[in-house]
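Reader: I'd like to learn how to read a helix and a pair of rings in a model. Could you walk me through it?

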Amino acid sequence: MTVSNVQERYARFAREEAPGRSEVYERWARAVAQDSASAAVIATLPEQRRQPPLVFALARVLGAGESTHELTEVLRTQGARLRELAMRRSVQTNEPLRCAALLPALSRITEPIALLELGAAAGLCLYPDRYAYRFAASEGAITVGEASSAVVLESHWRSDGPVPAVLPAIGWRAGVDRDPLDARNTDDRDWLTALVWPGEAGRAERIEAALDVVAADPPALWPGDLATDGAAVIAALLAEVPGELTPVISTPGILPFLPRAARAELIGAIRSSGARWITMDAPGLHDGWTAPVPDLAEGFALALDGEVIAAVDPVGRWVRMLD
């Protein structure tokens with residue numbers, strides 16, 4: 001990718017992705033698009049490491065504040081360190097609020113389960129039973145779980161039907177990630193909060209609180225490359241499940257990051273494994289649905305075993321049941 005390609009990519013990010021979400025990242029991306037020296041530094045990174053959210057998070061780790069000058073200063077003076085960190089880090093959006101969107105599917109599995117997440121990062125979405133939920137519904141606020149929980153996830157219930165009344169019964173939890181993160185490790189914790197875009201109020205605090213929950217009782221997390229060896233990873237993971245529990249594989253955020261062929265192979269391996277499967281994806285992302293996805297108007301499709309049961313916000317800010 002040439003310098004001009006980088007500039008075009010960052011101009012597109014400033015124009016289409018950052019507005020309404022992060023004024024800081026919008027300014028930063030526009031600055032890179034207009035500064036060939038900054039773009040030249042980014043062009044030295046491997047192509048899969050040049051995406052704006054990753055580069056900007058790395059710049060913040062290296063000391064950039066919110067000004068454009070601080071960003072360009074880091075890029076121009078710490079290029080070697082930036083490249084070193086870029087080879088060790090990736091975008092790992094470990095958002096515990098996604099558990100609010102997963103809850104309707106989990107509530108349909110009544111037996112004790114072993115929850116297995118693919119693309120788990122630090123495992124924050126492996127603890128839906130340890131968080132509380134406050135849903136804003138037409139009849140008022142509805143709380144599920146203990147309101148005194150250290151983590152209370154707030155979402156909107158856009159349905160006439162009842163909010164799930166109980167939390168899932170999870171007897172064991174484990175995850176796989178290419179680069180698992182440790183909730184007890186300061187550098188890993190700092191990386192997850194650095195990935196929060198400036199302007200996303202409350203997210204860093206929510207992640208930090210969830211990290212404390214996970215650190216107190218860490219899950220089993222294994223390294224594994226789902227893009228090259230997905231079927232073997234699933235087989236190895238399922239082999240560890242205690243026999244009295246029902247395995248439930250969750251893929252709330254990993255599938256978009258896999259090449260199309262690897263994605264199809266992974267879905268096939270999940271479907272043939274005998275495990276239950278919960279996912280939330282853009283309707284056109286894959287063909288793993290058991291029936292054509294209805295018109296959702298907005299949001300992602302939440303599915304249990306390939307059956308779409310709800311439209312949900314990709315990070316759990318709202319849920320709308322389809323039945």
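Author: We'll take a helix, then the aromatic pairs. This is a predicted model, where local features need pLDDT of at least 70, side-chain atom pairs count only at pLDDT 80 or more, and totals for chains, interfaces and linings use all residues. Residues are numbered from 1 along each chain as its sequence is written, and side-chain values use heavy atoms, leaving out hydrogens and water.

Reader: Where is the kink in helix 10 centred?

Author: Helices here are DSSP runs of H or I, at least four residues, and strands are E runs of at least two, numbered from the N terminus. A bend is the angle between axes fitted to the seven residues ending at a residue and the seven starting there. In helix 10 the kink is about 45° and is centred on Ala232.

Reader: Which residues of helix 10 are buried?

Author: Buried means under 20% relative accessible area, exposed over 50%, partly exposed in between (1.4 Å probe, protein chains only). For helix 10 they are Leu226, Gly230, Val233, Ile234 and Leu237.

Reader: How are two aromatic rings described?

Author: By the distance of the centres and the angle of the planes. Rings of Phe, Tyr and Trp (its six-membered ring) pair if their centres lie within 6.5 Å; planes under 30 degrees apart are stacked, over 60 edge-to-face, the rest tilted. There are ten aromatic pairs here. Tyr25 and Trp197 have ring centres 5.5 Å apart and planes at 50°, so they are tilted. Both residues, Tyr25 and Trp197, are buried.

Reader: Which residues do ring pairs link into a cluster?

Author: Tyr10, Phe13, Tyr25, Trp28, Phe56 and Trp197.
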